[in-house]
Amino acid sequence: MMRMTTIAAVLLLLLAVSQVQAALLFSDSFTDGNVLTNDGIGGHWLAANQAAMGTAHTEFGGILTLANANDAWNVGGIKSIDSFAAGSSVRVTFTGATIVGTGTGILRGALSNTMGNSLIMLSDPAIAAAFPSSFHNANLFGIGVEINLASNGTSYAFNIRRGTTQGQETIDAAYIFDSSISINDPLIVDLTLDADGSYSVKFNKTYGGGNNAAIVGNIGKSLDDFRISLGSQMIQGTNFLSNFADVSVSTIPEPASLAFVACGALLVIRRRS
């Protein structure tokens with residue numbers, strides 16, 4: 001009888017802990033046709049363009065298409081109105097980019113012929129720059145994933161960039177993806193940024209010849225919260241379009257919360273026994 005009670009107690013405890021799920025703080029699946037409004041959970045977006053726009057951003061059929069701002073290196077993008085507590089997890093689905101125009105590309109990250117960059121940035125909400133990033137960090141902090149597209153229009157690479165000094169950034173990792181990216185085979189990027197400055201970046205695609213490990217590091221500065229920015233940056237050509245399918249932010253309960261649930265489950269077990 002005691003053994004059965006113990007088994008029941010363990011099962012009940014596992015069931016209770018399993019019910020503690022991530023809380024969804026933000027979700028936009030880009031289906032309402034308006035770039036700056038969120039069709040799901042959480043707040044809306046702000047325009048984050050570094051110069052005038054020759055081509056407008058669009059949202060259609062669940063795809064957000066961001067264009068670069070006028071002239072090379074100027075980012076066109078959006079940034080979240082909401083800020084999110086350190087420790088929150090961000091998931092972004094990227095469905096590929098399109099080069100408009102021609103060029104041979106330049107050395108950028110792991111590619112020798114990069115034509116443009118698609119940007120996913122987490123930064124201090126206090127940064128006033130049009131597009132806050134690892135480079136435009138206002139001596140606060142910015143970190144993110146820069147996805148590079150080669151001049152052939154099908155080869156992709158990435159680099160992880162971070163910065164805490166305005167106009168300076170460090171590349172922590174740079175690799176070529178082992179496969180291309182498309183709407184039918186998208187790249188899913190999972191980022192977590194903790195209060196002590198540590199971060200993790202995980203991809204659903206392998207890179208560098210079969211590597212699928214999460215990339216981890218530290219920005220070198222503690223933080224309370226961050227905001228999200230998505231952008232498109234042309235290097236050569238006449239336009240560079242970056243496509244995203246959805247963005248979500250969630251938070252996992254702290255260990256103390258899990259312990260609280262476990263204690264509650266044990267209390268129930270004691271009453272039943």
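All 9 of the 9 residues in strand β10 (residues 142-150) are buried, so the strand is largely enclosed by the rest of the structure. Keep in mind that this is a predicted model. The protein has 273 residues, 41% of which count as buried, and its secondary structure comes to 2 helices and 17 strands.

- On one pairing, β10 runs antiparallel to strand β9 (residues 111-123), with 9 bridges between them. Here leucine 122 sits opposite isoleucine 143 of β10.
- β10 also pairs with β11, again in the antiparallel sense, over 8 bridges. Glycine 144 has arginine 161 of β11 as its bridge partner.
- β10 and β11 make a hairpin with 5 residues between them. Glycine 153, in the turn, has a positive phi of about 80°.

- Asparagine 148 belongs to strand β10, and asparagine 159 belongs to strand β11.
- How buried is asparagine 148? Its relative accessible area is 0%, which is under the 20% cut-off and therefore counts as buried.
- Asparagine 159 is buried too, with a relative accessible area of 0%.

**Aromatic pairs**

- How many aromatic pairs are there? The count comes to 13.
- One of them joins phenylalanine 94 and tyrosine 156: the ring centres are 6.2 Å apart and the planes meet at 80°, so this is an edge-to-face pair.
- Phenylalanine 94 is in strand β7 (residues 89-100) and tyrosine 156 is in strand β11 (residues 156-165), so the pair ties together parts that are 62 residues apart in sequence. Phenylalanine 94 and tyrosine 156 are both buried.
- Phenylalanine 158 and tyrosine 207 have ring centres 5.2 Å apart and planes at 90°, so they pair edge-to-face as well.
- Because phenylalanine 158 is in β11 and tyrosine 207 is in the loop between β14 (198-203) and β15 (215-218), this pair links parts 49 residues apart in sequence. Phenylalanine 158 and tyrosine 207 are buried.
- Elsewhere, ring pairs connect Phe26, Phe30, Trp45, Phe84 and Phe226 into a cluster.

**Cores and overall packing**

- Which residues have the most contacts inside the largest nonpolar core? They are Phe203 and Leu230, in a core of 44 residues.
- There's also a second, separate core of 5 residues, with Ala48, Leu119, Met121 and Phe131 among them.
- Taking contacts between residues at least 6 apart in sequence, 68% join residues at least 24 apart.
- The accessible surface is about 12400 Å², and carbon and sulfur atoms account for 57% of that.

**An exposed loop residue**

- Alanine 52 lies in the loop between β2 (45-47) and β3 (58-60).
- Is alanine 52 buried or exposed? Its relative accessible area is 52%, so it's exposed.
- Beyond residues up to four places away in sequence, alanine 52 touches Ala69 and Asn70.
- Alanine 52 and asparagine 74 are 22 residues apart in sequence, and their C-alpha atoms are 9.2 Å apart in space.

Methods
Residues are numbered from 1 along each chain as its sequence is written. This is a predicted model: local features need pLDDT of at least 70, side-chain atom pairs count only at pLDDT 80 or more; totals for chains, interfaces and linings use all residues. Side-chain values use heavy atoms; hydrogens and water are left out. Rings of Phe, Tyr and Trp (its six-membered ring) pair if their centres lie within 6.5 Å; planes under 30 degrees apart count as stacked, over 60 as edge-to-face and the rest as tilted. Helices (H or I, at least four residues) and strands (E, at least two) are DSSP runs, numbered from the N terminus. Buried means under 20% relative accessible area, exposed over 50%, partly exposed in between (1.4 Å probe, protein chains only). A nonpolar core is a set of buried Ala, Val, Leu, Ile, Met, Phe, Trp, Tyr and Cys residues joined through side-chain atoms within 4.5 Å. Contact means heavy atoms within 4.5 Å. Accessible areas come from the Shrake-Rupley method with a 1.4 Å probe; for residues, only the protein chains shown count as cover. Two strands pair if DSSP finds at least two bridges between them.
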